[in-house]
Amino acid sequence: MRHDRYQNIPNRLMESHAGQVDGMLLDLGVSSMQLDNASRGFSFTQDGPLDMRMDPTESETAAKLIHRVREDVLREILWKWGEERFARRVARAIIRRREVKPIETTAELARVVAQAVPGSYRHGRIHPATRTFQAIRIAVNRELEELEAFLPSALPLLKEGGRMAVISFHSLEDRIVKRAFRDFKQQGLGVILTKKPIEASEAEAGRNPRARSAKLRVFMKEIR
Ligand SMILES: C[S@@+](CC[C@H](N)C(=O)[O-])C[C@H]1O[C@@H](n2cnc3c(N)ncnc32)[C@H](O)[C@@H]1O
């Protein structure tokens, strides 16, 4: 077990002289342990410090990020990484609020978001702060940039016939994995073993609702 970022896996493998590996499994995103621990500040259902760092040794918390960035940058983050259709309103509300008093807890941020969106959205299928929290989490942990950079650097680490399996939890992650595997295939580097992503059965999603959005894709490196 090594505590490190995906992007350092090639170096770690080199150092350990493990050479190439037979398989890799990436289980993306945030863990239930992180989500369920209020003091990690990932969840809008429990009040805690507005942190959201997957790696607590990293510097910038979510509270620092939303107090540092300009309104247009915040809007872009909410739109791009949360697909939040009220990104403009939510960004404006956060900026207005931080001018009066810093937003320091998850409950405060969830409240600011809920007050900024229309009533119909406030009482919609998902909590109104879901997309904002996802977007800010992705920004704090540079999740998509890391994934995009890591996938191409990981393929040389696989033995011929080796498999790379990736479990993603939302469409932004899955799009990056799908595109990377397609590019690998077009470069003649191997085959995509999952024509369609493997998803949780109704029974599994019933047992573990967080598995409902999971998508597993697998790529096999070519045997020359
Ligand atoms: C979905 S969880 C994995 C859960 C794990 N399979 C389990 O069963 O407990 C994803 C984990 O990857 C970590 N993670 C996310 N992005 C990372 C990155 N760029 N580098 C290293 N770890 C990362 C998160 O902190 C989180 O603990």
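Two strands are taken to pair if DSSP finds at least two bridges between them, and helices (H or I, at least four residues) and strands (E, at least two) are DSSP runs numbered from the N terminus. The structure described here is a predicted model, in which local features need pLDDT of at least 70 and side-chain atom pairs count only at pLDDT 80 or more, whereas totals for chains, interfaces and linings use all residues. Residues are numbered from 1 along each chain as its sequence is written, and side-chain values use heavy atoms, with hydrogens and water left out.

Strand E2 (residues 158-168) pairs with strand E5 (residues 215-221) in the antiparallel sense over six bridges, and with strand E1 (residues 21-27) in the parallel sense, also over six bridges. Arginine 163 of E2 is the bridge partner of glycine 23, and arginine 163 also stands opposite methionine 220 in E5. Eight of the 11 residues of E2 are buried, so this strand is largely enclosed by the rest of the structure; here buried means under 20% relative accessible area, exposed over 50%, and partly exposed in between, with a 1.4 Å probe and protein chains only.

Helix H8 (residues 130-141) has 12 residues, which should span 16 Å at 1.5 Å a residue, and this agrees with the 17 Å between its end C-alpha atoms; the expected span is 1.5 Å times one less than the number of residues. Nine of the 12 residues of H8 are buried, among them Phe133, Ile136 and Val140.

Most residues other than glycine have a negative phi. Arginine 142, however, has a positive phi near 45°; it lies in the loop between H8 and helix H9 (143-154) and is partly exposed, with a relative accessible area of 33%. Methionine 52, likewise not a glycine, has a positive phi of about 65°; this residue is found in the loop between helix H2 (32-36) and helix H3 (62-68), and it is buried, with a relative accessible area of 0%.

Polar contacts are pairs of N or O atoms within 3.5 Å. A polar side-chain atom of aspartate 27 lies 2.6 Å from a nitrogen atom of the ligand, while an N or O atom in the side chain of glutamine 34 is 2.8 Å from a ligand oxygen atom. Taken alone, the ligand exposes 600 Å², of which the protein buries 65%, the areas coming from the Shrake-Rupley method with a 1.4 Å probe.

Key. A polar contact is a pair of N or O atoms within 3.5 Å; within protein, one must be able to donate a hydrogen and the other to accept it, and residues adjacent in sequence count only if both atoms are side-chain atoms.
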